[in-house]
Amino acid sequence: MENQKICQCCAMPLTNAEDFGTNADGSKNGDYCKYCYENGSFGEEKTMEEVIEICIPFCLEAGAYKDAETARAAMTGFFPTLKRWSKNEN
């Protein structure tokens, strides 16, 4: 699992070819999922906090966290390390 590729915006596991977003030329993007990145852009701009709130129900459904507060705290700590939210990326 340590080599599992994840979306660098929302941390969704990228396990199948159809999970990946697309670049402007239609090719698959290796960093972002289809929900975050399509046709070479992030679409609707969202803050990191907004993305976390969107992700919480999916994480709870998957059983990744015991409750929303735990999920929010974990993602708030982890998301800044992702390419999309990294201070070094801008």
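Select Glu45 and Arg84. Their side chains meet in a salt bridge, 2.9 Å from N to O. Now trace where each one sits. Glu45 lies in the loop between S2 and helix H1 (48-62), and Arg84 lies in the segment after H2, so this pair ties together parts that are 39 residues apart in sequence. Keep in mind that you are looking at a predicted model.

Arg84 is buried, with a relative accessible area of 18%. The cut-offs explain the labels: buried means under 20%, and exposed means over 50%.

**Next stop: Lys83 and Asp31**

What does the side chain of Lys83 meet? It meets the side chain of Asp31 in a salt bridge, with 2.7 Å from N to O. This pair links distant parts of the chain. Lys83 is in the segment after helix H2 (68-78), while Asp31 is in strand S2 (residues 28-33). The two are 52 residues apart. Show the surface around them. Lys83 is partly exposed, with a relative accessible area of 30%. Asp31 counts as partly exposed too, at 23%.

**Next stop: between the helices**

Select Arg72 and Glu53. Here is another salt bridge between side chains, at 2.6 Å from N to O. Arg72 lies in helix H2 and Glu53 in helix H1, so the pair ties together parts that are 19 residues apart in sequence. Check the surface again. Arg72 counts as partly exposed, at 30% relative accessibility. Glu53 is partly exposed, with a relative accessible area of 39%.

How many salt bridges does the structure hold? It holds four. The general idea is simple: side chains of opposite charge can pair when their charged atoms come close.

Select the charged side chains of the protein chain. There are 9 positive and 15 negative ones. The centres of the two sets lie 2 Å apart.

**Next stop: Pro13**

Pro13 is partly exposed, with a relative accessible area of 38%. Which residues does Pro13 touch, leaving out those up to four places away in sequence? They are Gln4, Lys5, Ile6 and Asp19. Then draw a line from Pro13 to Asp25, C-alpha to C-alpha. They are twelve residues apart in sequence and 23 Å apart in space.

**Last stop: the whole chain**

Switch to a cartoon view. The secondary structure comes to two helices and two strands. Follow the chain from the N terminus, and the elements run β-β-α-α.

Zoom out. The C-alpha atoms fill a box of roughly 40 × 30 × 25 Å along the principal axes.

Colour by burial. Buried residues make up 32% of the 90 residues. The accessible surface comes to about 5,900 Å², and 51% of it belongs to carbon and sulfur atoms.

Finish with the contacts. Take those with a separation of 6 or more: residues 24 or more positions apart account for 37% of them.

Notes
Residues numbered from 1 in each chain as written. Predicted model: local features only at pLDDT ≥ 70, side-chain atom pairs only at ≥ 80, totals over all residues. Heavy atoms only, no water. Helix = DSSP H or I, 4+ residues; strand = E, 2+ residues; numbered from the N terminus. Buried < 20%, exposed > 50% of the residue type's maximum accessible area, 1.4 Å probe, protein only. Contact = heavy atoms within 4.5 Å. Areas by Shrake-Rupley, 256 points an atom, 1.4 Å probe, with all protein chains shown as cover. Lys, Arg positive; Asp, Glu negative; His and termini not counted. Charge placed at Lys NZ, Arg CZ, Asp CG, Glu CD.
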